[in-house]
Amino acid sequence: MRSPYTVLGVSKTARAEDIKSAYRQLAKTWHPDQKRDDPDAGARFSEIAQAYQLLIDPDLRLKFDSGTIDARGRKRTKPVRGFAANPFAAFKQARRTAANAASTGGQAGARDEASFEDMVVHIFGEAAAKQTREEAARATQATGRRTEANAPGLDDDPLAALDALFAKWKARKSPGNQLPATRQQIDISLEAAMAGYDGEIVFGEDRAVAFSAPPGSVDGTEITVPSPDPAAYGDVIVTLRHKAHPRFRSTDADLHGEQAIDLIQAVLGGNFVFESLDGPVRITIPEWSGSDTALRVAGKGLTRADGQRGALHVHLRVMLPEKPDPRLTDLMRSSRKAWFL
């Protein structure tokens, strides 16, 4: 997995505010609802969320910077064969020795090939290095001499050789060889959907992977949580569902609520203060508003994938007084008599 700094596009000295800003921008861009036609959007979004979780936590960020954990938050194992944590140290050495190979003779060439092989072992494992040696041996037997293509790190540009190895590695790790993804549903409150949701999925018995849903996640949002070990577990596709709320219901990014008004407000108009999910808002009642009236307040719903917020729809319910009002009764009676005259 890439460095979380690279994923979010921030420097290693970035402040928490810069990290949050970068995350919000990328989350809006790569939200699966925003890129429905991009099959990689879910994985990219999950990678962004995981990078944010690691960098926004001071303790995890310190552990990553010190090399104690990797980009997935897992404890690092010690580098094999005594090499430094930076695999490209061997790569740089390979390039320096390759430049001097012609003038220093076969001994330098041997050291260079060994250095490159060590780098391959460190990055791709012993199996990849063994495959490289076997291919070189077969080519030498067939031609009687070492070919340029089988002298990585000496005759070829080591970067090109590394690209070839990586292409083979990707072919072996293609989606066709991965375990199928499973699905999980998580119910969240509308408050969590409004503010953003942080959760985790447990793979196996104790392999927990954190994920985040951006602020404004609509009902049915799907997030792909990458497997910490593709050979043992498939990815998990998380579907977020909104819990029933005592005051609101959601439709995509819009929210719907109700407000009781009395008959005088319904006929003459007025205003009231409505408590939305993110604070109070004053709403005006037009004259002659019946129980089928819905008052729309823009920008008070959930946040869409494009960063724009949905609307709040307040449905009016005309209510009679709890106790009979003689004046209202007399008014209605007199009005009914007038209609029949």
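Where does threonine 68 lie? I looked it up in this predicted model. Threonine 68 sits in the loop between α4 (58-65) and α5 (88-99).

**Entry on threonine 68**

I checked accessibility next. Threonine 68 has 37% relative accessibility and counts as partly exposed, because that class runs between under 20% for buried and over 50% for exposed. I then listed its contacts, leaving aside neighbours within four places in sequence. Threonine 68 touches Lys63, Arg74, Lys75 and Arg76 on that basis. I also looked for polar partners. The threonine 68 side chain makes a polar contact with the side chain of serine 66, at 3.0 Å.

**Entry on helix α3**

I turned to α3, residues 41-56. How far does helix α3 reach from its first C-alpha to its last? I read 22 Å for its 16 residues, close to the 22 Å expected at 1.5 Å a residue. I then checked burial. Of the 16 residues of α3, 14 are buried, so the helix is largely enclosed by the rest of the structure.

I found aspartate 252 in the loop between β6 (249-251) and β7 (254-262). Is aspartate 252 buried or exposed? Its relative accessibility is 53%, so aspartate 252 counts as exposed.

I placed tryptophan 288 in the loop between β9 (279-285) and β10 (294-297). Tryptophan 288 has a relative accessible area of 70% and is exposed.

Methods
Residues numbered from 1 in each chain as written. Predicted model: local features only at pLDDT ≥ 70, side-chain atom pairs only at ≥ 80, totals over all residues. Heavy atoms only, no water. Helix = DSSP H or I, 4+ residues; strand = E, 2+ residues; numbered from the N terminus. Buried < 20%, exposed > 50% of the residue type's maximum accessible area, 1.4 Å probe, protein only. Expected span 1.5 Å × (residues − 1). Contact = heavy atoms within 4.5 Å. Polar contact = N/O pair within 3.5 Å; in protein donor to acceptor, adjacent residues only side chain to side chain.
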